[in-house]
Amino acid sequence: MVYISLIALVAGGDLWLKHRIEGQDPESFPRPLTGTKDRIWIYRNHNAGFPFGLMEKQESLVKTVPLVLTSLLAGGLLAMRGEKGKKARKLGMAMVIGGSLSNLYDRYVRGYVVDYFSLRFGPLKEVVFNLGDIFILLGAALQAVCFSLEGGKRGRDPIAAGTLGVKEKKIKRKVAIDKQREIL
């Protein structure tokens with residue numbers, strides 16, 4: 001229930017901010033956000049493609065790929081609901097799903113994603129994004145950390161991992177040869 005609430009909060013908050021931006025006079029953009037010492041600027045950009053406007057002419061692809069990926073993540077989160085622990089993985093998945101749902105809504109209803117702020121320092125000066133994008137990035141980073149930390153704990157194929165001893169490898173090889181002889 002906590003993860004569903006987070007998804008709703010992220011998607012709803014981002015959509016509310018997008019609605020506020022879209023309701024303002026387009027001539028008032030871009031502008032610095034008050035109280036940020038010009039470090040955050042507010043924009044009103046419409047992105048019909050993937051990040052940075054990539055493939056904006058491929059409308060069906062730009063709509064379908066995020067829909068499929070978000071559906072897979074949602075299915076994964078549902079499948080994990082009965083598992084104990086893995087809170088960080090579930091949190092990361094919920095963050096990505098929440099941000100993605102907001103952008104999916106934009107793609108299907110508006111025909112473009114509303115991007116509305118930029119951090120005005122370093123290489124980020126040229127990038128305009130939205131709250132959903134931030135949660136997608138943070139959730140994906142959290143997922144990556146979880147997967148890297150769980151890597152040593154997962155059950156791996158001992159042959160592929162190279163952890164079998166010489167004796168075990170000989171036995172496996174002999175069993176494989178015997179099976180081939182039975183087939184022939």
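Mentor: Start with accessibility: buried means under 20% relative accessible area, exposed over 50%, and partly exposed in between (1.4 Å probe, protein chains only). This is a predicted model, in which local features need pLDDT of at least 70 and side-chain atom pairs count only at pLDDT 80 or more, while totals for chains, interfaces and linings use all residues. Residues are numbered from 1 along each chain as its sequence is written, and side-chain values use heavy atoms, with hydrogens and water left out.

Trainee: Why is Lys-86 called partly exposed?

Mentor: Lys-86 has a relative accessible area of 36%. That value lies between 20% and 50%, so Lys-86 counts as partly exposed. Glu-83, with 35%, is partly exposed as well.

Trainee: What makes Lys-86 and Glu-83 a salt bridge?

Mentor: A salt bridge needs a side-chain nitrogen of Lys or Arg within 4 Å of a carboxyl oxygen of Asp or Glu. The closest N and O atoms of Lys-86 and Glu-83 are 3.0 Å apart, so the pair qualifies.

Trainee: How many salt bridges are there in the whole structure?

Mentor: The search finds seven. One of the pairs is Glu-22 with Arg-44, at 3.2 Å from N to O. Glu-22 is in helix H1 and Arg-44 in strand S2, 22 residues apart; helices (H or I, at least four residues) and strands (E, at least two) are DSSP runs, numbered from the N terminus. Glu-22 is buried at 18%, whereas Arg-44 is partly exposed at 22%.

Trainee: What does the pair Glu-150 and Arg-89 tie together?

Mentor: Their side chains meet in a salt bridge of 3.5 Å, N to O. Glu-150 lies in helix H4 and Arg-89 in helix H3, so the pair ties together parts 61 residues apart in sequence. Glu-150, at 17%, counts as buried, and Arg-89 is buried at 13%. Asp-14, Lys-18, Asp-106 and Arg-110 are linked in a network of salt bridges.

Trainee: What puts the buried residues of H1 on the same side?

Mentor: Leu-6, Ile-7, Val-10, Ala-11, Asp-14, Lys-18, Ile-21 and Glu-22 are the buried residues of H1. They cover an arc of only 130° around the axis, so they share a side of H1; the arc is taken from the directions from the helix axis to the C-beta atoms. The face turned away from the buried side carries the exposed residues Val-2, Ile-4, Leu-9 and His-19.

Trainee: Which residues make up the largest nonpolar core?

Mentor: A nonpolar core is a set of buried Ala, Val, Leu, Ile, Met, Phe, Trp, Tyr and Cys residues joined through side-chain atoms within 4.5 Å. The largest has nine residues: Leu-6, Ile-7, Val-10, Leu-77, Met-80, Met-93, Ala-94, Met-95 and Ile-97.

Trainee: What makes Asp-38 and Met-55 stand out?

Mentor: Most residues other than glycine have a negative phi. Asp-38, not a glycine, has a positive phi of about 65°, and phi of Met-55 is near 60°. Asp-38 is in the loop between S1 and S2, and Met-55 in the loop between S2 and H2.
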